[in-house]
Amino acid sequence: MMRKNEFTFIFDSNSENESLARTVIAAFIARLDPTLEELADVKTAVSEAVTNAIIHGYEGADGKITIHSRMEDNTVWIEISDKGVGISDIDKAMEPLYTTKPEMERSGMGFAFMEAFMDDLNVISEEGKGTTVKMRKTIYSAINMS
């Protein structure tokens, strides 16, 4: 039996909402009964994407962040998007240790963490229009549930 579900969640680009985003995605995938490691991986990837949107996308200005997630069987797709400044050079931005905000003590590891913790990562961005981070994760502990 194929199981499908999806949601869209829009929230303000306040740093306090990063933990809310983690909690919402954790609650959404909970029915797949992920291992603690799988859950931590997804929450960390979402946290990094949301933090990037807040710090780099909106640069401290007010804005909205949208999380759209869907699951089908044991796979979860997550899109996190903003309408911020965008990324001029995605390849450069995705290099480990690269940061445009060294004065904020940013590690430059956000995309590296997303790539390491998720099965697939795709970043789409246009300067002045915003960024969308698309991620996919298979919850292997859910395979034997059906």
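Helix α2 (residues 36-57) and helix α4 (residues 110-117) pack against each other at about 150°, and their axes sit 9 Å apart. The axes are lines fitted to C-alpha atoms, for helices over the stretch in contact, with angles running from 0 to 180 degrees between N-to-C directions. This is a predicted model, so local features need pLDDT of at least 70 and side-chain atom pairs count only at pLDDT 80 or more, while totals for chains, interfaces and linings use all residues. Residues are numbered from 1 along each chain as its sequence is written, and side-chain values use heavy atoms, with hydrogens and water left out.

**The α2/α4 pair**

- At that angle, α2 and α4 are roughly antiparallel to each other; for the labels, angles under 35 degrees count as roughly parallel, over 145 as roughly antiparallel, 65 to 115 as roughly perpendicular and the rest as oblique.
- The α2 and α4 crossing is left-handed, meaning that the near helix is turned anticlockwise from the far one by less than a right angle (clockwise would be right-handed).
- On the α2 side the contact uses D41, T44, A45, E48, A49 and N52, and on the α4 side G110, F111, F113, M114 and F117; contact here means heavy atoms within 4.5 Å.
- Sorted by class, the contact of α2 with α4 has 6 nonpolar, 3 polar and 2 charged residues. Ala, Val, Leu, Ile, Met, Phe, Trp, Tyr, Cys and Pro count as nonpolar, Asp, Glu, Lys and Arg as charged, and the others, Gly among them, as polar.

**The chain overall**

- The chain has 4 helices and 5 strands, both taken as DSSP runs numbered from the N terminus (helices are H or I with at least four residues, strands are E with at least two).
- Going along the sequence, you get the pattern β-α-α-β-β-α-α-β-β.
- Of the chain's 146 residues, 45% count as buried. Buried means under 20% relative accessible area, exposed over 50%, and partly exposed in between (1.4 Å probe, protein chains only).
- Among contacts in the chain with a separation of 6 or more, 66% come from residues 24 or more positions apart.

**The sheet**

- The 5 strands make an open sheet in the order β1-β2-β3-β5-β4, with antiparallel pairing; two strands pair if DSSP finds at least two bridges between them.
- β1 (4-12) and β4 (120-126) are the edge strands, each pairing on one side only.
- On average, neighbouring strands of this sheet are turned by 10° against each other, direction ignored.
- Helix α1 packs on the sheet and touches β1, β2 and β3, and its direction makes about 170° with that of β1.

**Strand pairs and hairpins**

- β2 (residues 64-72) and β3 (residues 75-82) run antiparallel and are joined by 8 bridges, with I65 standing opposite D82 in β3.
- Those two strands, β2 and β3, form a hairpin with 2 residues between them, and D73 in the turn has a positive phi of about 55°.
- β3 is also joined by 8 bridges to β5 (residues 130-138), again antiparallel. Here V76 stands opposite K137, E79 has K134 as its bridge partner, and D82 stands opposite T131.
- β4 and β5 run antiparallel with 7 bridges, and D120 stands opposite R136 in β5.
- β4 and β5 form a hairpin too, with 3 residues between them, and G128 in its turn has a positive phi of about 80°.

**Two residues to look at**

- V85 is in the loop between β3 and α3 (90-93) and counts as partly exposed because its relative accessibility is 37%.
- V85 and G57 are 28 residues apart in sequence, yet their C-alpha atoms are 5.3 Å apart in space.
- Leaving out residues up to four places away in sequence, V85 touches H56, G57, E59, E126, E127 and G128.
- E18 lies in helix α1 (residues 17-29) and counts as buried because its relative accessibility is 18%.
- With residues up to four places away in sequence not counted, E18 touches S47, V50 and T51.
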